Amino acid sequence: MISNETVTVRGVIAFPSFETPDRFSDKFQVDIGNLSQAAVEKLEELGVDVKSVEDDTYGRGSYIRCRSKWPIVPVDASGNSFEGTTNTIGYGSVARVTIKPYPYSIGGKSGVSPKITTIVIEELVSATGGDAGENNDVL
């Protein structure tokens, strides 16, 4: 069922392509994973297809993939934009994401996709992976 309703979920970032199109889809996109059961139920009620991957290397669990023709620019909890620095947002960052479902029909397929209206990074995990400093063994 599609409505004009939005839903806000909390999840973990995976496969972020915020300002550079993904090399496979050629769209800006991000997976929002580790969704709560309440989030899954609400998204499915709105018609969004929630995927689930058990034993996923990236810890996605129940997740949605959000795609856009335009860059997706998150903000931090204080409202500061990550524009130009989204490549610093790493896998495992926790985000609060407001989703607006929208219907699509393309190439004989139709459904409901999740569109990000806002994304707030609540817990940033650096994408740099740290350096090979004094506490890290280089193998």
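At 18% relative accessibility, Ser-113 counts as buried (buried is under 20% relative accessible area, exposed is over 50%, partly exposed is in between, with a 1.4 Å probe and protein chains only). This serine sits in strand β7; here strands are DSSP runs of E with at least two residues, helices are H or I runs of at least four, and numbering goes from the N terminus. Leaving aside neighbours within four places in sequence, Ser-113 is in contact with Lys-100, Pro-101, Tyr-102 and Tyr-104 (contact means heavy atoms within 4.5 Å).

## What kind of model this is

Keep in mind that this is a predicted model, in which local features need pLDDT of at least 70 and side-chain atom pairs count only at pLDDT 80 or more, while totals for chains, interfaces and linings use all residues. Residues are numbered from 1 along each chain as its sequence is written, and side-chain values use heavy atoms, with hydrogens and water left out.

As for confidence, the chain has a mean pLDDT of 89, and 90% of its residues reach 70 or more (pLDDT is the predictor's confidence in each residue, from 0 to 100).

Now for the strands. 7 of them form an open sheet with mixed pairing, in the order β3-β4-β2-β1-β6-β7-β5; two strands pair if DSSP finds at least two bridges between them. The edges are β3 (51-53) and β5 (75-76), each pairing on one side only.

Strand β1 (residues 7-17) pairs with β2 (residues 28-33) in the antiparallel sense over 4 bridges, and the bridge partner of Ser-17 in β2 is Gln-29. β1 also pairs with β6, again in the antiparallel sense, over 6 bridges. Here Val-9 stands opposite Val-97 in β6.

## The helix across it

Helix α1 (residues 37-45) lies across β1, β4 (61-68) and β6 (94-106), and runs at about 95 degrees to β1. That angle is taken between N-to-C directions, on a scale from 0 to 180 degrees, with axes fitted to C-alpha atoms (for helices, over the stretch in contact).

The buried residues of α1 are Ala-39, Val-40 and Leu-43. They cover an arc of only 100 degrees around the axis, so they end up on the same side of α1; the arc is that of the directions from the helix axis to the C-beta atoms. These buried residues pack against β1, β4 and β6. On the face turned away from the buried side you'll find the exposed residues Gln-37 and Ala-38.

## The core

In soluble globular proteins, nonpolar side chains tend to be buried together. In this model, the largest nonpolar core has 26 residues, and those with the most contacts inside it are Ile-32, Leu-35, Leu-43, Ile-64 and Ile-119. Such a core is a set of buried Ala, Val, Leu, Ile, Met, Phe, Trp, Tyr and Cys residues joined through side-chain atoms within 4.5 Å. Two or more residues come from each of β1, β2, α1, β4, β6 and β7 (109-123), and β7 gives the most, with 4 residues.

Take Ile-32 as a way in. Setting aside neighbours within four places in sequence, Ile-32 is in contact with residues including Val-9, Val-12, Ile-13, Ile-64, Cys-66, Val-97 and Ile-119.

## Arg-96

Arg-96 and Ile-32 are 64 residues apart in sequence and 9.4 Å apart in space, C-alpha to C-alpha. Arg-96 lies in strand β6 and is partly exposed, with a relative accessible area of 34%. Not counting residues up to four places away in sequence, Arg-96 touches Thr-8, Val-9, Arg-10, Thr-118, Ile-119, Val-120 and Glu-122.

## Positive phi angles

A few backbone angles to look at. Phe-15 is not a glycine, yet has a positive phi of about 50 degrees. This phenylalanine is in strand β1 and is partly exposed, at 24% relative accessible area.

Asn-34 is not a glycine either, and has a positive phi of about 60 degrees. Its place is in the loop between β2 and α1, and at 48% relative accessibility Asn-34 counts as partly exposed. Just after α1, Gly-47 takes a positive phi of about 95 degrees.
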